[in-house]
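Reader: Hello! Could you walk me through the labels used for this structure and what stands behind them?

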Amino acid sequence: MNIDIKKTYQADVVVCGAGTAGAVAAIAAADAGASVIMIEQFGSAGGTSTLGLVTPLMHTGLEGNPQGSYVAKEIIARMAEVGAVCERGSSFFDPMMLTVILDEMFLERKIRVLYHTTIVGAEKTGNRLNKVIVYNKSGFAEVKANHMFVDATADCDVVVHAGLPFMQGHEETHINQPCSLRYMLENVDVDAFWQYLEEKRQRPHGEILPRPKNFDDGLGLNNEKHALYNVFVEAVEKGDLTREDHAYWQFFTVPGRPDCLAFNCPEFFDVPDVTDAEQLSRVQLEGKLRVMRFLRFYKKYFKGFENATVSMIAPMVGIREGRRAVTEHVLTASEAIRWKKFDDAVVRSNYPVDVHGYMLRNEHIEGEKDALPYYEIPFRALVVKDMENLLVAGRCIGTEFVAQASVRIIPTCRALGEAAGIAAALNTLDGKIVRAEMEKKGAEY
Ligand SMILES: Cc1cc2nc3c(=O)[nH]c(=O)nc-3n(C[C@H](O)[C@H](O)[C@H](O)COP(=O)(O)OP(=O)(O)OC[C@H]3O[C@@H](n4cnc5c(N)ncnc54)[C@H](O)[C@@H]3O)c2cc1C
């Protein structure tokens, strides 16, 4: 097939993917004075945190839960203004409002956003990326960066298109972490559901605790003591649920939506390659049937779901881990678990290693932990190996499989996006300069 390039776009910074990390990268780059083009395959920003319906921001495990990014602070403040976020250790938020607020921030900064546009190729000469090739309904176009490209596609698509090396899955098996198809229900009587949960909890004196405005809960196959455990066992025995449905079930209330619950399931444990479109299509197809099975189960066994309806099933499969770039420094499991510090650190975290469906592999990590209870991510983990103008941000930075299972949370991905956006705007690969600029703008560790 002949590729007929119809148009050339050019900006100081080209951000590939407008997801959790990419959106922040574009905003930070624009704030640092760069002209920015951002390319996104879907019609809204936020990626996994919006179209994947991942609604809570996990706690970083750092004292005071600093977000590590000044842009993240602005996003949260804007969300709070419209009642779309709440603080509960981890913060719950409304994914639809997040898409609106991100668009608002792009427009204010005059970021050129190319929605409905997919990156399908990349061209490099030596250690410089010349362009990415994109496709949309207008045909093919090329996009060039005066300074740098930020690959925030979550699976380092640009790295792959440029023919550069990457990693995928666990080092021994190359199998990816399990994925999920998240969904939201509306018309739920959340008070009645809380009352039902409290009755099942059978507190020592039969008391029913008052309902917090926002709350969450969940269980798996090993949580025999959970109030709903026997309900799930009964439903599996009667064929109303499967054992896989019982294996991972979790819900959250949604700030600003009083009749709504967001679910972190159904989870799929049998998708070895989450970059395979056929396997992802199966998750979408079977996932919808599993959502309907859950809905029938809630109506039959729980209280408060009599009028419940599905308000949304994620258009994006929730992918915990896919491909990871090979970068100047690859963060190891040992470094994350033993709280390693780096001279060129741009992000800190103490979120635990969260590998679904596997044993936590901490037991293989030997040696003392550092006295300060967090690890740092060096800027070199964002610099694609041997490349001068290609950075990665988000869950596809250079990490070992186990380290990625801690790095992948939204606050960390946002801070990584901010670091990449600032570096690209300033045209520097010096992590110390990048972190200093982040802090000057208000980022806190
Ligand atoms: C089921 C599940 C539950 C989770 N729970 C939590 C949680 O409770 N709290 C928490 O903090 N984190 C959680 N996480 C982790 C977190 O949500 C993700 O790791 C993080 O959002 C990933 O950010 P990212 O920027 O790397 O990728 P994404 O947000 O996915 O962004 C990638 C973007 O790139 C776009 N893109 C990809 N390829 C192309 C292409 N070729 N062309 C154009 N555009 C492209 C995508 O459409 C997307 O918008 C969860 C993840 C999953 C899957």
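Reader: What makes Q202 count as buried or exposed?

Author: Q202 has 8 other C-beta atoms within 10 Å. With C-beta atoms placed from the backbone, a residue is buried if 20 or more others lie within 10 Å of its own, exposed if 12 or fewer, and partly exposed in between. Q202 is therefore called exposed. Bear in mind that this is a predicted model, where local features need pLDDT of at least 70, side-chain atom pairs count only at pLDDT 80 or more, and totals for chains, interfaces and linings use all residues. Residues are numbered from 1 along each chain as its sequence is written.

Reader: What makes L53 buried or exposed?

Author: L53 has 24 other C-beta atoms within 10 Å, so it is buried.

Reader: Which residues does the cis peptide bond join?

Author: The bond joins C265 and P266, with omega about 0°.

Reader: How many residues of domain 1 and domain 2 are in contact?

Author: Domain 1 covers 5-172 + 321-440 and domain 2 covers 179-313, with bounds from an automatic or database domain assignment. Here 19 residues of domain 1 are in contact with 16 of domain 2, where contact means C-beta atoms, placed from the backbone, within 7 Å.

Key:
Contact = placed C-beta atoms within 7 Å.
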